[in-house]
Every structure is written in structure tokens, then in C-alpha cells.
Amino acid sequence: MPDNVLEIRDLVVEYHTDDAHIYAVNGVSLNVKKGETIGLVGETGAGKTTIAKSILRILQSPPAKICSGSIMFDGADLMKLSEKEMQHIRGNKIAMIFQDPMTALNPIETVGFQIEEAIRLHNKISRVEAVRRACEMLEMVGIPAERYKEYPHQFSGGMKQRVVIAMALACKPMLLLADEPTTALDVTIQAQVLEMMNDLKTKLNTSVILITHDLGVVANMCDSVAVVYAGEIVEYGTAEDIFDRTAHPYTVGLFNSLPRLNTTERRLKPIKGLMLDPTIKPPGCRFSDRCPEATEKCCKQPPPDVEVSPGHIVKCWLRGGSN
Amino acid sequence: MNEAYRKKRSRFGEVVRRLKKNKAAVFSVFVLIIIVLVGIFADYLAPYPYDQQNYSLSFAKPSPEHWLGCDQLGRDILSRLIYATRQSLQLGILATAIAGILGITLGCIAGYYGGWVDMVIMRFLDIYQSIPMFLLCVTLAAVMGPSLRNAVLAIGISTVPLPARLMRASILTVRNQEFIEAARMCNASNRRIILKHIIPNAIAPVIVSITMTVGMNILAGASLSYIGLGAQPPIPEWGTMVADARNIMRDHAILALYPGLCIMITVLACNLLGDGLRDALDPRLKN
Amino acid sequence: MPPLLEVKNLKKYFNTKGGMLHAVDDISFTLDAGKTLGVVGESGCGKTTLGRTILHLLDVTSGQILFEGKDITYPKKKELMKLREDMQIIFQDPYSSLDPRQSVKETIMEPLLIQGKLSKAECEKKAKELMDTVGLAARFENAYPHELDGGRRQRIGIARALALGPKFIVCDEPVSALDVSIQAQIINLLLDLQESLGIAYMFVTHDLSVVKYISNDIMVMYLGQMVEKASSDELFANPIHPYTQALLSAIPIPDIHNKTKRIILKGELTSPINPKPGCRFRPRCIYATEECEQPQVLTEPLPNHFVACCKCSELLNNRRNTQ
């Protein structure tokens with residue numbers, strides 16, 4: 001039985017602003033196994049980035065507030081660690097890469113130095129050794145080590161993202177959080193970067209939480225998938241479960257909204273309406289106002305997690321229990 | 001139902017609402033309103049004329065007839081302070097208005113048209129800014145005689161570059177936004193684009209700056225009056241009142257303190273309001 | 001019946017400090033009324049510049065543009081104003097393409113007010129009709145952009161573009177900034193409008209699945225040059241140019257069983273400033289030879305399928321042999 005690298009239990013996160021009280025994450029539980037790549041799929045405002053930032057406790061609070069929940073990592077509850085202990089984890093045991101490579105790098109320092117700095121922050125080694133390791137990382141991401149002393153502006157978007165990945169993996173973390181890492185890149189560059197990430201992932205046996213809205217990327221990169229909607233995980237399973245045996249009406253709606261390369265239908269089938277207002281706490285299912293199959297029960301009572309097949313969990317009243 | 005929480009508010013309403021939350025800014029607005037009203041209704045509020053001298057009351061202590069006492073010439077201090085409000089406000093507001101209107105116009109033209117127009121205007125402002133304000137004032141005073149009006153002119157003209165540069169910078173940002181291209185696609189004339197689309201969206205930082213400039217100009221005016229280049233006696237002005245007390249400060253420091261406090265309160269109110277406006281007009285409002 | 005829009009050898013160069021930037025280099029195509037031409041390419045290919053040059057938001061450097069048979073390459077001011085009634089644009093960013101200080105109704109009314117043919121009351125009435133046409137509920141007429149979500153804002157942009165009754169609209173990545181389910185709603189709207197109003201679209205995008213859905217013909221651009229043009233189905237079935245092949249293979253397909261063999265391009269985009277003559281894709285192309293240093297000629301190896309590649313007959317033969 002593979003170990004779980006990360007276990008999130010009942011995470012609840014809210015944003016308290018002058019205007020409103022936003023229920024960003026509403027009781028999310030998730031396990032990440034060692035060496036596994038899990039996709040967190042959802043649209044803007046679903047809460048995926050909030051979940052990732054909560055793991056590293058880098059949410060701006062105020063206005064964010066982690067109300068309850070536990071995140072077990074490497075034998076400790078990350079919610080209970082002191083700031084100093086968290087610093088030992090960030091960048092070292094858990095690393096994160098963000099969407100926009102243009103602003104992720106410090107423009108006044110060389111790329112090599114930035115990787116070196118990441119290494120030296122967490123390892124008591126000599127400067128020479130750190131430089132050597134940084135060069136190794138650069139080569140690993142496909143950048144010639146001779147470019148060590150160049151500045152970020154001398155690199156293109158795709159190369160910058162590779163540098164960011166090199167920085168993140170420099171300390172060989174157990175878990176990598178990747179927040180839409182290729183969304184800002186061109187399609188052909190995206191292909192290069194994803195291929196590189198796949199290689200690295202296998203070499204270093206890192207677990208990855210990949211946040212994305214692109215189901216194509218999920219199909220190519222992820223072992224398991226969690227579909228996030230309005231701050232909840234509405235469906236969870238292996239990639240096969242989600243793609244071949246799609247269960248939750250929202251996930252079905254997402255697939256139907258995609259323009260496919262191999263259909264001849266003349267109109268897409270979008271999900272009607274908009275995502276639920278995050279300041280509202282509905283009595284029933286959060287998807288009930290847009291769900292084509294919604295019943296009265298759906299609107300009145302929050303649905304339970306149902307295991308429709310081993311390991312495939314759906315939060316819905318209308319999907320029967322397993323066997 | 002989903003939009004229940006999005007109350008329909010114009011952007012102006014949003015700004016006012018945010019401003020109301022800043023207690024210092026709200027307080028400053030009240031203070032400034034009172035000061036302006038005092039200035040407008042000075043004739044009715046002041047118990048005595050500002051130039052009524054009475055040597056028997058020289059350096060009189062505060063009493064029911066003279067709430068703040070009298071100065072060395074027996075003039076009622078409170079009345080003089082009240083009348084002085086007019087002069088000081090004129091310096092602050094008129095001078096800022098001159099600088100604002102000229103500066104915004106120059107900045108708009110430079111920012112919108114760019115190219116050599118921009119270059120000419122900016123170099124002109126560079127040269128302009130190298131002339132110190134006091135020098136300009138002294139020159140004007142020498143040529144036209146020292147007076148409040150000339151001080152207002154001098155201060156106004158010498159502070160044009162700041163709003164001009166701010167406006168230009170703001171316009172450069174707004175000009176590249178897609179909704180300006182969209183306006184062009186609707187066949188909007190340049191004039192319409194500048195007046196209707198660019199200025200309303202670019203003016204926020206300039207408003208903040210101008211609010212704080214009022215305070216700055218009151219100070220500048222007081223300084224000019226202190227050296228005799230502003231309001232001329234017997235018309236009272238806070239700066240001249242401080243100057244009058246210059247020689248007797250060791251024994252009668254209070255005569256300098258009253259006008260000094262007035263200057264301080266007014267300038268502080270302007271600055272606090274400016275700060276509050278800057279927060280309320282924060283670009284994050286756009287998201 | 002002459003085509004609605006004919007573009008011949010269009011060039012748009014920018015004079016920069018580093019040299020002459022060849023943003024659009026010798027592009028030719030025709031577009032019939034009521035049809036859609038998809039323009040695809042990655043960053044720096046010039047597709048956005050092409051759209052803006054045709055609409056005269058940028059000046060033409062050389063070449064010819066014919067609209068309804070008339071030469072409109074260098075229009076006079078009055079001509080341009082009349083042209084704007086026939087040729088409009090929908091922008092990519094629903095956030096920056098609307099004046100934040102104008103309400104929905106004011107934004108849609110503006111082109112009508114400027115045109116001056118209707119009274120203010122009539123303009124208001126027309127604006128409300130347009131809101132209805134694009135699916136914006138009437139209750140939003142006094143709302144401001146910052147109160148609305150991306151999908152609704154984009155509808156405002158579409159309503160504004162429709163106000164003067166254009167025959168041709170450049171859609172500049174109109175759905176790229178939107179969530180998947182909202183994208184589907186907007187794409188359906190655009191298709192409906194095309195059917196009911198007979199508008200021709202030039203649909204500029206980097207998203208290949210969307211472009212296949214909505215286009216009749218597709219043109220692929222690379223660094224300012226057109227490398228391939230064919231009907232939508234034909235391009236996806238038989239991509240000939242090496243860049244097109246790489247581009248199509250790079251799209252992550254949301255299908256876990258169909259993991260296409262990715263053609264991973266080596267290297268990065270070269271600079272469009274003072275480019276050498278010849279194929280600009282040469283540095284990254286696996287088939288490149290010396291012949292590719294000559295300026296490439298547009299040929300028609302298959303009916304209505306144009307390719308700018310000296311190797312295209314070879315590539316076509318290879319494909320036939322492997323099939």
C-alpha cells in the first residue's frame with residue numbers, strides 16, 4: 001500500500017473582507033500518494049489555488065482565514081507548525097510553481113544565483129557545491145549550464161518557466177504544487193515543458209499536485225484527478241474513472257463544453273448559468289442551481305460522498321452507492 | 001439570485017463609501033468645510049474689524065471680549081485669524097487651481113499625442129522646473145509690486161510641472177488600454193476620447209496630488225508672506241501674523257503660536273484627506 | 001459574387017530601435033460573406049497585428065485590402081468612418097476592453113450616438129435590443145463592468161461590435177480569457193449570430209480546438225508569414241507544413257487513450273526583427289536543408305490547400321507512403 005505523502009482533512013478556508021464573507025474552501029479532504037501526480041481541475045474561483053496556498057500557508061491573512069482542518073505531511077500537521085518550522089518546509093520539502101513565469105523571477109539577479117540561493121537556504125553546503133548543484137538542475141531542465149550567469153530578461157517565457165521549475169526542484173522536494181504552470185505558454189512550448197516535467201517527475205519520484213483548468217493537460221500528466229467546484233471536491237478518482245466513467249453532473253458538463261477535434265456537432269453544450277456566488281452558503285448541493293438533473297432533495301440537503309466504484313468518489317445524491 | 005451581493009454602485013459611489021471608512025479623512029473633510037465656511041462668512045463671524053487698533057489693549061490677555069486676547073497693536077487676534085483664513089485659503093486653493101488647470105492640460109496633450117509634442121512639452125517643463133519659486137516671486141514682486149495676487153500667481157505658475165507630469169504618466173497608462181482602441185473603432189473623435197474616456201480614468205492620482213498641494217501652497221504662501229512678498233499689511237494672513245510676532249517671540253510667543261496652529265491644522269487636514277483619497281481611489285478598485 | 005474581403009500581399013512592419021520588425025509579411029487571403037477564417041499561431045506570429053491592420057487601427061506598410069470589391073488600403077477619414085460601420089472587432093480581454101466608468105448601456109450606445117443617425121432615446125432602445133440579442137439580461141443595463149463576470153463583459157463587447165450592423169468582425173481571441181463553460185456559451189452565441197446576421201468572422205486564436213469548431217478555413221501563421229491554409233477539416237486531417245504538424249500534435253487532447261505522439265520542436269522562436277530571407281521556421285525544422293534558405297513560395301499541392309514549404313511534395317509523398 002503506497003504511502004500517502006500528504007493528507008488533507010476537512011479544510012475550510014474563508015476570506016473576510018469589508019464587503020463580504022467569502023466561503024472559498026468548504027470541507028476539502030484529499031490524499032496524495034508518493035510519486036503520484038494528482039490533477040486539481042476546476043474553473044476560476046473554484047478554490048484550487050486557495051487549497052494549494054493553504055498547504056504552504058502562504059495565504060494572505062487577513063483577509064484569508066484557515067478556519068479548520070488538518071494537513072498531515074511527513075508526520076506532522078502543517079496547520080500546527082510554527083512559522084519557523086514552515087520555513088524549513090517551503091522550498092525544501094514542498095515547493096510551488098506559479099502560473100506567470102514573467103513575474104516569478106527576480107529581474108536583478110542571475111538565474112543561476114536564484115537556484116543557488118534556493119539550495120543554500122536549506123542546505124548547509126559550500127558555495128562551490130551549491131553552484132555545482134545549480135548547474136546540474138539547469139541541465140536537468142534543458143538549459144545549458146553556460147547560461148548560469150544570464151538574467152531573466154534574456155530568456156523567453158518557456159525558458160523562464162524551466163528556470164522556475166529548476167528552482168522548485170533544486171532541493172528535491174517530496175511534493176510539488178504546480179499552479180497552472182503552462183497556461184501562460186504557447187502550445188508548442190507547453191508541450192516541451194510538460195514533457196520535461198514528466199521526465200523529472202519520474203527521475204526524482206516527486207509527488208505533484210497539478211492545478212489546471214485544461215482537461216487535455218490532465219489527460220497527459222495525471223494519475224488521479226480531483227474535480228473542484230465552489231470550494232468542494234465533487235468528484236475524485238483515477239484518470240480513467242474521470243475520463244471514461246465520468247460521474248458528477250458538473251464534470252459531465254465540463255466535458256460537454258469542450259470543443260472536440262473529432263465531433264461534427266454544430267453547437268457546444270455549455271453548462272447554463274454561472275458558478276455559485278462564493279458568499280452564499282446554500283442549504284443543499286452547490287451545483288444544484290445549474291444541474292440539469294437537480295431534484296428537490298439536491299436543493300435542500302448537502303449531498304454525501306458516494307463511492308461509485310473502488311476509489312471513485314462522487315459528491316451527489318443521484319449517483320447510486322457502490323455494489 | 002447569484003448577483004444579490006453585487007449592489008449596483010457606480011465607481012464614484014464606491015470611492016465615497018471607502019472614503020467614509022477612513023475616520024481621519026472624514027474628520028479632515030469636516031475640518032476643511034469649517035475652515036472654508038469661516039473664510040466665506042468672515043465678515044459675520046469676526047467680532048471686530050481686523051485693523052481696529054487700540055493701544056490700551058496692547059498684549060491684552062484672553063477675556064470675554066477678546067477670546068484670544070490682542071496683539072501688540074491692540075487688534076483682536078481672533079478676528080484677525082478669521083479674516084486671515086480668506087487670504088490663506090485663496091493662496092492655497094487659487095494657486096492650486098491655476099497649477100491644476102494648466103498642468104492637467106499640458107499633461108493631457110503631452111500624454112495623448114506623444115511624439116515630438118510630448119518631447120517639446122516635457123523639455124519645456126524641465127527648464128521651467130529649474131526656476132525656483134521664490135526667485136519667480138521676487139521677480140514678479142519687483143516688476144508688479146508685492147501683493148497677494150502676485151503671490152498666488154507665482155505659486156500657481158511654479159507648481160504646474162507636478163500635476164502635468166502626473167497626468168501625463170497616468171494618461172500613458174490609460175491610453176494603451178483596449179477600451180481606447182474600442183472607442184476608436186466606434187469612430188470617436190480624439191476630443192471625445194480624451195474628454196470622455198481618458199481623463200475620467202486617468203485623473204485619480206492627480207486628484208490625490210492636488211488635494212495635498214493645497215496644503216503645500218498654503219505653507220508656501222505663508223512663507224512668502226513671512227518675507228513680505230505675499231499679503232500686504234494691514235490685510236492679515238497667517239504667515240504675516242507669524243512674521244509680525246517675529247521680534248517679540250521671546251516674551252509673547254503665543255502671538256506666533258495661534259497663526260502657526262491654524263496653518264498646521266489646515267495643512268494636516270489637506271494631507272489626511274489626500275491620503276484617504278489615495279486609498280479610496282486605489283487601482284485595485286478596478287478588479 | 002466577389003468575396004467580401006480580399007487581402008493581397010499585406011505587409012506591416014514596425015520601425016524599432018533594433019531594426020525593422022516584420023510583424024506581418026506578405027499575407028494574402030479571401031473571405032466570403034457569412035464565413036469564418038480562423039487564424040492560428042503562437043506568440044509573435046503576427047495574427048493580432050494582422051487583424052488590427054485590416055481594421056486600420058494600424059497603418060498598412062504595403063499591400064492591398066479590398067472590401068466588397070473596393071480598394072480600402074489607404075482610406076480617407078470619411079471613408080474610414082463609413083468603413084467602421086461594416087468592419088468591427090471583439091477584443092480578447094473582457095477586463096480592459098470596456099471603459100470602467102461607463103455603464104453597460106452607455107458602452108453599447110456609444111457607437112450609435114457617435115454615428116448620429118438616431119436620437120438618444122432611439123439609441124437607448126437599440127442598445128436594449130442588442131443586449132437581448134447577446135443574451136444580457138435587461139436588469140444589467142445600468143451595471144458597471146467591475147460588477148460583472150468575464151462572460152457577461154464579453155457579451156457587452158459583442159453587443160458593442162454589433163451596434164452598427166457590421167458585415168465583418170475580427171474576433172481577437174474572444175474566449176481565451178474565459179472559463180471553459182463560459183467559452184462554450186460565447187462560442188455558441190457567435191455561431192448563432194453568424195447564422196442569423198450573416199456576419200463574416202476572422203477568428204484569431206491560439207486555441208486549436210476552438211478554431212476547428214468555428215472556422216470554415218484556417219490559416220496558420222509563423223513569425224509573420226503564412227505557412228499553411230486549408231479548409232478546417234482538411235487542415236486537421238492532412239497537415240503538411242512541419243510547423244502545422246508540430247502545432248497540432250502539441251495540443252493536449254482530453255482523452256487518456258489517445259496519447260498522440262508529440263512532435264517536440266527544438267529551440268525557440270527566432271526574432272522577427274530584420275529576419276533573413278527564406279523560411280523562418282528553418283532553425284527549428286527537422287526537415288530543413290539549404291533549399292529552405294530561399295524565400296518560400298506558396299504552392300497548392302492539394303485543391304484549396306496552400307502550403308509555403310519547399311519540401312511539401314516530399315512530405316506529402318512520405319505521408320502517402322506511410323498511410
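Buried residues (20 or more other C-beta atoms within 10 Å of their own, with C-beta atoms placed from the backbone) account for 47% of the 323 residues in chain C. The model is predicted: local features require pLDDT of at least 70 and side-chain atom pairs pLDDT 80 or more, whereas totals for chains, interfaces and linings use all residues. Residues are numbered from 1 along each chain as its sequence is written, and chains are lettered from A in the order in which they are written.

Chain C contains 10 helices and 12 strands, taken as DSSP runs (H or I, at least four residues, for helices; E, at least two, for strands) and numbered from the N terminus. The radius of gyration of chain C, 21 Å, is close to the 20 Å given by the globule rule for 323 residues, so chain C is as compact as a globular protein of that length; the radius is taken over C-alpha atoms, and the rule is 2.2 Å times the number of residues to the power 0.38. Along the principal axes, the C-alpha atoms of chain C fill a box of roughly 65 × 50 × 45 Å.

In chain A, strand 6 (residues 94-97) is covered on both faces, with A:Ile94 and A:Met96 buried on one side and A:Ala95 and A:Ile97 buried on the other. In a regular strand, side chains alternate between the two faces of the sheet. Strand 6 of chain A runs parallel to strand 7 (residues 175-179) of chain A and is joined to it by 4 bridges; pairing requires at least two bridges found by DSSP. A:Ala95 has A:Leu176 of strand 7 as its bridge partner.

Conventions
Buried ≥ 20, exposed ≤ 12 C-beta atoms within 10 Å, placed from the backbone.
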